[in-house]
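Hi,

Here is the structure I promised to pass on. Have a look at it first, and then read my notes below.

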Amino acid sequence: MAFRRAVKGTLIGGGAIAAAYGVSQVFEYRKHQARLAYVEAEGQMNAPFMDALPSRREQLSTLRDTEEFDVLVVGGGATGSGCALDAVTRNLKTALVERSDFSSGTSSRSTKLIHGGVRYLQKAIMNLDYEQYMMVKEALHERSNLLDIAPHLSAPLPIMLPVYKWWQLPYYWAGIKMYDLVAGSQCLKSSYVLSKTKALELFPMLKKDKLVGAIVYYDGQHNDARMNLAIALTAARYGAAVANYTEVVHLLKKPDPQTGQEKICGARCRDVLTGQEFDVRAKCVINATGPFTDSLRKMDQQKTANICQPSAGVHIVIPGYYSPDNMGLLDPATSDGRVIFFLPWEKMTIAGTTDTPTNVTAHPIPMEEDINFILSEVRNYLSPDVEVRRGDVLAAWSGIRPLVTDPNSKDTQSICRNHIVNVSDSGLVTIAGGKWTTYRSMAEETLDAAVKAHNLKAGPSRTVGLMLEGGKDWTPTLYIRLVQDYGLENEVAQHLAATYGGRAFEVAKMAQVTGKRWPIVGKRLVSEFPYIESEVAYAIKEYACTAIDVIARRTRLGFLNVQAADEALPRIVEIMGKQLDWSEDKKKEELEEAKRFLHQEMGYRARSEQLTKMSEISLTQQEINRYKKRFYKFDKESKGFITTVDVQRVLERLSIQIDENALHEILNEVDLNKNGQVELDEFLLLMSAVQKGQVSDSRLAILMKAAEEGLDQRGPVSVDRSGGGV
Ligand SMILES: Cc1cc2nc3c(=O)[nH]c(=O)nc-3n(C[C@H](O)[C@H](O)[C@H](O)COP(=O)(O)OP(=O)(O)OC[C@H]3O[C@@H](n4cnc5c(N)ncnc54)[C@H](O)[C@@H]3O)c2cc1C
């Protein structure tokens with residue numbers, strides 16, 4: 001049965017390939033014409049380009065003092081920022097307000113793929129569905145454009161589809177070749193088939209059992225929060241008044257002089273940081289609030305029906321060694337119909353995802369069940385000798401997918417496949433749904449609708465090919481100049497080039513001297529990540545207002561490793577406090593808020609619960625004796641607990657130096673009753689959790705083991721921060 005289905009699929013696929021090729025050529029021609037039109041239109045763009053960004057305070061004054069904007073965009077996610085950029089580059093007087101930080105919503109919590117949607121193409125072929133086919137085609141065009149306009153923030157990523165049944169090979173191969181073909185000249189790189197041996201060579205951690213081969217295809221990958229910010233900053237440089245931490249609290253209306261009907265003419269905004277309220281007047285208001293689309297629609301018409309059906313997706317981050325450096329893995333159709341993937345990202349591995357109905361919230365929390373579900377799925381794909389431990393989860397987050405029903409459609413129950421653009425009776429333009437990859441074309445369509453509905457004087461969209469912040473002066477070798485001209489570490493220089501593009505020089509110029517022979521400048525925030533202190537000061541220029549903005553979206557530390565982010569926080573708050581003149585109370589508040597964020601939204605809570613939940617020690621008597629012996633090497637006086645002084649004393653004997661603060665943190669991780677000392681039972685609980693794989697990178701466990709070995713050998717030992725295997 002399955003075989004017959006596959007043959008049918010392959011045949012349909014073959015026929016469809018030929019048909020699609022014809023359509024593809026027409027589409028290509030149309031896009032080529034559009035690009036020429038853009039190049040022509042670029043000359044007519046009289047929007048000024050500002051090299052120095054106005055401060056947030058200046059932006060707020062512009063919002064308050066401008067008599068009337070053409071367009072006010074509500075929501076600073078990918079969609080809203082895309083709308084602001086599209087509007088301002090059509091020479092429209094543009095404003096954008098975001099109630100939290102740019103990209104603080106779904107747009108920083110995605111899978112980070114810039115993709116056409118292999119699965120959707122499969123559905124389009126199987127169901128001979130032209131509309132779905134065109135959606136994929138459009139997304140593939142947008143994929144190519146996004147990689148062009150922000151080359152520093154995005155790159156093609158090879159993704160392996162493991163194949164476990166012989167008959168699947170031609171079936172998958174036809175589907176993936178079709179994907180290449182639909183992309184046409186915008187195909188990133190050609191897909192290819194791999195034998196079992198070759199697949200295992202490239203992806204050695206893959207389970208060998210039943211594997212018959214693999215297919216590798218290419219999609220794009222990006223740093224989503226930075227990409228979002230780049231779009232918003234580009235809009236600001238072209239003159240849009242953009243402000244984060246500015247919330248729309250209600251919509252302003254006035255009667256239309258001709259019809260007498262109430263029409264929206266702006267919004268009452270609240271500066272979330274000061275509580276001050278002010279009005280922003282605009283001819284057209286665009287609702288780009290993602291999962292919150294209904295709350296704005298209800299500000300317009302209280303009785304309007306909901307269109308958003310939110311669905312939560314959880315991702316986990318595990319160490320980079322779970323995937324090869326530059327190869328992702330995706331199974332588009334697991335036995336229960338779900339997608340499972342693990343993708344390398346920022347030297348770590350992202351795995352996911354779940355898809356469960358949820359309530360709309362600005363602070364979604366990854367649940368322990370979701371984390372464990374993803375871990376168990378991941379285990380199915382990895383070789384049994386690769387032990388996937390709960391303690392390997394370095395961070396986890398949940399994002400809310402704003403699935404929408406079309407208010408224009410008769411069938412109000414069925415979820416729209418793509419996005420919707422809707423203009424209400426009072427003129428509110430709503431854009432909802434869609435995906436990250438297509439933010440630009442969604443923005444173009446939204447502005448086309450806004451221009452038409454509000455009779456705005458504007459030309460066509462000019463955003464195809466329009467370079468984003470940092471993209472224009474970026475070259476693949478830019479980092480070498482950063483090393484040579486500024487004396488930055490190679491890894492730091494590569495990170496700065498890949499984050500700020502051509503603007504990396506500005507960050508490098510602000511970097512402090514280390515006082516070491518090498519690197520000359522660039523003090524790291526934490527030793528194992530290439531984020532440096534000057535990025536914190538630079539983040540403020542990029543409108544970062546809180547420590548959370550810095551750990552979550554200007555840098556991605558919170559998404560990569562909650563513990564490392566937690567450690568970097570005091571220094572981040574200190575630097576921000578100096579720049580923004582924060583009082584001691586404000587600094588304390590910032591630190592607490594950011595710690596709460598890591599605990600609730602980035603999976604730190606779920607992680608520490610692993611330790612606190614362990615109510616029983618499951619060790620054999622032999623193991624207990626072994627660990628007790630280790631414990632008493634530190635607790636010389638047999639007090640029944642150890643303090644930083646005990647650990648320090650042992651380390652001194654071994655000539656190991658560890659900073660006092662770091663030592664406190666190391667003990668604090670294990671000190672469950674928070675009494676400033678680690679009791680024997682706490683230590684045994686820790687070792688029990690380590691044995692079970694629930695905790696994998698406890699520094700105290702690693703340090704005590706290393707010290708014990710050092711004491712036995714009386715030689716110097718090195719203490720690694722992670723690696724587990726105690
Ligand atoms: C788990 C998951 C994985 C995904 N992976 C991918 C992927 O790999 N590739 C892809 O192409 N797409 C992906 N997507 C889809 C993509 O992330 C979303 O479609 C996109 O980010 C939505 O952007 P948005 O701007 O519409 O919403 P958001 O990013 O949520 O932005 C809406 C903004 O509006 C603001 N706001 C709300 N109310 C107000 C108000 N009253 N005043 C001012 N501001 C307000 C919010 O604070 C928020 O920042 C994924 C989605 C999820 C959930």
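Among contacts in the chain between residues at least 6 apart in sequence, what percentage join residues at least 24 apart? The figure is 73%, with contact meaning heavy atoms within 4.5 Å.

Some ground rules before the rest. This is a predicted model, in which local features need pLDDT of at least 70 and side-chain atom pairs count only at pLDDT 80 or more, while totals for chains, interfaces and linings use all residues. Residues are numbered from 1 along each chain as its sequence is written, and side-chain values use heavy atoms, with hydrogens and water left out.

Overall, the chain has 25 helices and 20 strands (DSSP runs numbered from the N terminus: H or I of at least four residues for helices, E of at least two for strands). Of its 726 residues, 57% count as buried, i.e. under 20% relative accessible area, against over 50% for exposed and partly exposed in between (1.4 Å probe, protein chains only). The accessible surface comes to about 30900 Å², and 51% of that belongs to carbon and sulfur atoms (Shrake-Rupley method, 1.4 Å probe; for residues, only the protein chains shown count as cover).

Now the cores. A nonpolar core here is a set of buried Ala, Val, Leu, Ile, Met, Phe, Trp, Tyr and Cys residues joined through side-chain atoms within 4.5 Å. The largest one has 66 residues, and Ile572 and Leu598 have the most contacts inside it. Helix 18 (residues 562-580) gives the most to this core, with 9 residues. A second, separate core has 45 residues, including Ile231 and Leu456. Leaving out residues up to four places away in sequence, Ile572 touches Leu525, Val536, Ala547, Val550 and Ile551.

There is also a helix pair to look at. Helix 5 (residues 130-149) and helix 11 (residues 439-454) pack at about 105°, with axes 8 Å apart (axes are lines fitted to C-alpha atoms over the stretch in contact, and angles run from 0 to 180 degrees between N-to-C directions). The two helices are therefore roughly perpendicular, the class for 65 to 115 degrees. Helix 5 brings Glu138, Glu142, Asn145, Leu146 and Ile149 to the contact, and helix 11 brings Tyr439, Arg440 and Ser441.

Is Arg440 buried or exposed? It counts as buried, at 4% relative accessibility. Beyond residues up to four places away in sequence, Arg440 touches Glu142, Asn145, Ser461, Thr463 and Val464. The C-alpha atoms of Arg440 and Cys83 are separated by 7.7 Å, although the two residues are 357 apart along the chain.

Cheers

Technical notes
Angles under 35 degrees count as roughly parallel, over 145 as roughly antiparallel, 65 to 115 as roughly perpendicular and the rest as oblique.
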